[in-house]
Amino acid sequence: MQTGNNSQFAKRTPPSPVVSFWQTMQRRTFNMRLFDTVSDSPTIPNAAHEPVVGYIHSIESFGSVDGPGIRYIAFLQGCRMRCEYCHNPDTWNIGVGEEMTADEILADALRYKAFWGDTGGITCSGGESLIQIDFIIDLFTKAKAQGITTCLDTSGGPFTRDEPWFSKFEQLMAVTDISLVDIKQIDSAKHRKLTGFGNENILDMIQYMSTHGDDMWIRHVLIPTRTDFDEDLTKLGAYIKTLSHVQKVEILPYHTMGFNKYHELGIKYPLEGIEPPTPDRVANAEALLHVQDYTGYLTWRPQQ
Ligand code: SF4
């Protein structure tokens, strides 16, 4: 899930190498193979006494748009969706990336604790963060034990009520203070065309969060010819109104910053020729989603 410099997208912009402390305050991307053989197994060793290893795409130590306050953001490797607008296709492969344990992430993150204030902390994003649910449970459990605020950034793609996954998800929600959830298209058929998958399980996850009192931000990427339809936006706005604990609703205007990465990887860019939405269309989407009604984020604090 990525939102990037303002949302899902900014996260997907090319990262900068680290050569100084202040540069590390931006983002570190680890060297990794691009488009190797894609393993479909989550590959998380979880045997007793063995630390859970996370596969990390990059680290942003001073993020300000992916959750409340200033946050240390771990972008996890792996995603099964294939969103046409994805700006970081190099996060798709599963089981590659920098291997780090929760303890290693925490030790690194705590160097920035002075910047977090009452609401900042650690965010897990992706790729699709829930691909590595065992790792996030371990990381967030240890973070909460130290009083650190935790935030999950997800598209919800892996969500299922099948066991043992569902019990793990419940365990994760118990140590998650807030979730950033993308609804890519409220119409499932269009969602499938846009991402390769329908949205039924994603809406089921959001319903679970709403029912169980889990705080969330809802994000929606506005893409001409894909998601910018009044009919769908109206339906999405009505759907969000049925939910509880929505602290914020954001429209993320599509942009073309990912084009070069596709070019470098030799992949055809699916949205070539599609321009970002105009300010009028963004304002229209914000009105149809009633963005101004969701102000809980202004005073949000982690639930005790
Ligand atoms: S393909 Fe995966 S990582 Fe890319 S935008 Fe979609 S959910 Fe996010």
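The charged end of Lys-248 sits over the ring of Trp-217, 4.5 Å from the ring centre. Here a charge counts as over a ring if NZ of Lys or CZ of Arg is within 6 Å of the ring centre and within 35 degrees of the ring normal. Lys-248 also lies over the face of Tyr-297, at 4.4 Å from the ring centre. The model is predicted: local features need pLDDT of at least 70, side-chain atom pairs count only at pLDDT 80 or more, and totals for chains, interfaces and linings use all residues. Residues are numbered from 1 along each chain as its sequence is written, and side-chain values use heavy atoms, without hydrogens and water.

The whole structure holds 11 aromatic pairs (rings of Phe, Tyr and Trp, the last by its six-membered ring, with centres within 6.5 Å; planes under 30 degrees apart are stacked, over 60 edge-to-face, the rest tilted). Trp-165 and Phe-169 are stacked, 5.6 Å centre to centre with 15° between the planes. They are 4 residues apart in helix H4 (residues 165-173), so about one helical turn separates them. Helices (H or I, at least four residues) and strands (E, at least two) are DSSP runs, numbered from the N terminus. Both Trp-165 and Phe-169 are buried (under 20% relative accessible area; exposed is over 50%, partly exposed in between; 1.4 Å probe, protein chains only). Phe-159, Trp-165, Phe-166, Phe-169 and Tyr-208 form one aromatic cluster.

Trp-217 and Tyr-297 pair edge-to-face, at 6.4 Å centre to centre and 75° between the planes. Trp-217 lies in strand E8 (residues 216-222) and Tyr-297 in the segment after helix H9 (279-288), so the pair ties together parts 80 residues apart in sequence. Trp-217 is buried, at 5% relative accessible area. Tyr-297 is partly exposed, at 32%.
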